[in-house]
Structures are given as C-alpha cells and as structure tokens.
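Hi everyone, thanks for making time this morning. Let me walk you through one structure, step by step.

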Amino acid sequence: MIRFIQTDDVLALRNEVLREGRLTLDECRFPNDDTEGTFHLGYYDNDRLVCIASFHPQNCKEYAGKAYQIRGMATSESHRGKGIGNQLVNFAIVYMRGQKVNYVWCNARKKAVRFYQNLGFEIISAEFEVPGIGPHHVLYLKIQ
C-alpha cells in the first residue's frame, strides 16, 4: 500500500539504504524536506515501510514550468526487484499530473539510471560525481 508519509518516516530507510547506516537520522534530512509543496511517499508491506521517495518543488536547469525533484528514493534490500519502486514513482506521477506539474527530474546514482529509464526518464547530463556517494546522472521526465 502506498501512503503519503512524514519526513520523520523516511529517515531510517534513507540511512539504511542510501547511507549504509553510517549517519544519524538527523543527518539524513534534506534541506527541502519540510518546505511547502514537498511530499513523501512510502510503500508498506503489511505494516513495514519498505520503499520511500521524497518529492521537492524544484526546477531543473533551463527547463521551464512547474517541476519536482525526486530525492532519497530507497527500497529495502528484501523488496528490490519486485516493482515496488516503479509503483511508487508512477503513483507520484499521477498525483503530480493532477497538481499540474510539468516535469519531474532527479540526480540518479549510476546504478539506478536503468530503473528511471524504464519509467520513461531520459538522461540530460554527463556523468558527475557526488562526493562520498558516487557517479550520478540527471534524468528528466515530462509529465504534461
């Protein structure tokens, strides 16, 4: 089941998956986590939160229109490869379409690029390094 959740709900899974458990929960907060318009989604398997993503109002480069950036997408290891992340992002796209959002984008880890491409995103940047995390690309998806 997919639900809208709060910032505090995403922190443990962000830390576990994206930071390999190395940080405190407060260190896993993003600057825009609680700004107006930001929303967080979680996929629950029974009562266990197994997939998360955060969506911040943020334009990308020269692209015009209302935009959101996906940040902090993470799926617990036990639930990867089951289409849960796909369901979560598609849910968000339908929601954003209803909010008249024009496009969504993300800085995707190199190992996640194929996941986003399978959802229709396109690479719009050269590979770049995020210090301490690894190689990334910017990806973009037009919603309307």
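I52 has A74 in β4 as its bridge partner. That bridge belongs to the pairing of β3 and β4, which is antiparallel and runs over six bridges; strands count as paired if DSSP finds at least two bridges between them. Strands themselves are DSSP runs of E with at least two residues, helices are runs of H or I with at least four, and both are numbered from the N terminus.

A quick word on the source: this is a predicted model, where local features need pLDDT of at least 70, side-chain atom pairs count only at pLDDT 80 or more, and totals for chains, interfaces and linings use all residues. Residues are numbered from 1 along each chain as its sequence is written, and side-chain values use heavy atoms, with hydrogens and water left out.

On to the other partner of β3. Strand β2 (residues 39-45) pairs with β3 in the antiparallel sense, over seven bridges. Here D45 stands opposite R48 in β3. Two residues lie between the strands of this hairpin, and N46 takes a positive phi near 60°.

So is β3 enclosed or open? Eight of the 10 residues of β3 (residues 48-57) are buried, so the strand is largely enclosed by the rest of the structure. Buried means under 20% relative accessible area, with a 1.4 Å probe and protein chains only.

Let's finish with A74 again. A74 is among the residues nearest the centre of the largest pocket, together with L18, M73, R109 and A112. A pocket here is an open set of points on a 1 Å grid over the protein atoms alone, where a 1.4 Å probe fits, with protein on both sides within 12 Å along at least five of seven lines; lining residues have an atom within 4 Å of a point. β4 gives the most to that lining, with seven residues.

Terms used:
Buried < 20%, exposed > 50% of the residue type's maximum accessible area, 1.4 Å probe, protein only.
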